[in-house]
Amino acid sequence: MMDDTLAGTGAVNGAGAGAAPLIAALESASPDRAAARAAIDWDDVHRKLARRNAELEATFAGRGPWADAVLARRAEDLAEIPQLHGEESAGIPMLVARGAETLYGLELRHLGHIVPMPRLARVPGAPPAVLGVIAVAGRVMRLFDLDRLCNGTSASVSAALARADVGTDPSGYAIVLRTGTGRPAALRVHEVERVADIVPPRSAAPAEAGPLVRAIAADRMAILDMAALLDLVKT
């Protein structure tokens, strides 16, 4: 048998009468709530909602005080002079590595693995900058000497490379580059010193520094142009 409290008389107010006794019971238990419901001016509520919707539509359409405030703030942001190479700049994450005589800065986002110098297989007839081929993580790739790439075959560099016995010295590290769909390649360096956030100098490197050097820092570190370097080793 259905509970009379929920069912009601079944004949009051037609089809919606079944819920009337429950609503009446809830409101009788909270007389203040019932009075509040009766005191609400629903016409005023509807007017406020319509006004708020109109303001929102105007804002999205680029009109009204809210939109004006947004546009004003955007104009202020565009008018601000960006900080260029200031002391508070976060800098660019770089790997600082050392060659035979030069300190290099290489952007980390272009680098993959860094491994101790693996076994090297020489390639007859290869360009002077190519020491040979190595295998890293199952991938065979050419190993370039970073000093020779950046300095060519000048007399001072050639002497330094000869003293370091490049190509037969098993010490040092191989830095695998992120070449994307290009030919895999790695760079040979003598030491890996640290990772640091570095702010490149505003002035470009002098022409005699070579096409792969983007700038020269105060500590005489050569900051490399990684885009140019990658184009060179991928070909």
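Predicted model: local features only at pLDDT ≥ 70, side-chain atom pairs only at ≥ 80, totals over all residues.
Student: Why is S203 called exposed?
Tutor: The relative accessibility of S203 is 52%, and the word exposed is used for values over 50%, so S203 counts as exposed. This residue is found in the loop between strand 8 (191-198) and strand 9 (213-216).

Student: What makes strand 8 and strand 9 the edges of their sheet?
Tutor: The open sheet has five strands in the order 8-1-2-10-9, with mixed pairing. Strand 8 and strand 9 each have a single partner strand, so one side of each is left without a neighbour in the sheet. From one strand to the next, the twist averages 30°.

Student: How do you know that strand 1 and strand 8 pair, and in which sense?
Tutor: Two strands pair if there are at least two bridges between them, and strand 1 (residues 92-98) and strand 8 have seven bridges, in the antiparallel sense. In one of the pairings between residues, V96 has R194 in strand 8 as its bridge partner.

Student: Which residues of helix 8 are buried, and why are they said to line one face?
Tutor: In helix 8 (residues 226-234), the buried residues include M226, L229, L230 and V233. Seen down the helix axis, the buried residues fall within an arc of 95°, so they line one face of helix 8.

Conventions. Residues numbered from 1 in each chain as written. Heavy atoms only, no water. Helix = DSSP H or I, 4+ residues; strand = E, 2+ residues; numbered from the N terminus. Buried < 20%, exposed > 50% of the residue type's maximum accessible area, 1.4 Å probe, protein only. Arc of directions from axis to C-beta. Axes fitted to C-alpha atoms, helices over the stretch in contact; angles between N-to-C directions.
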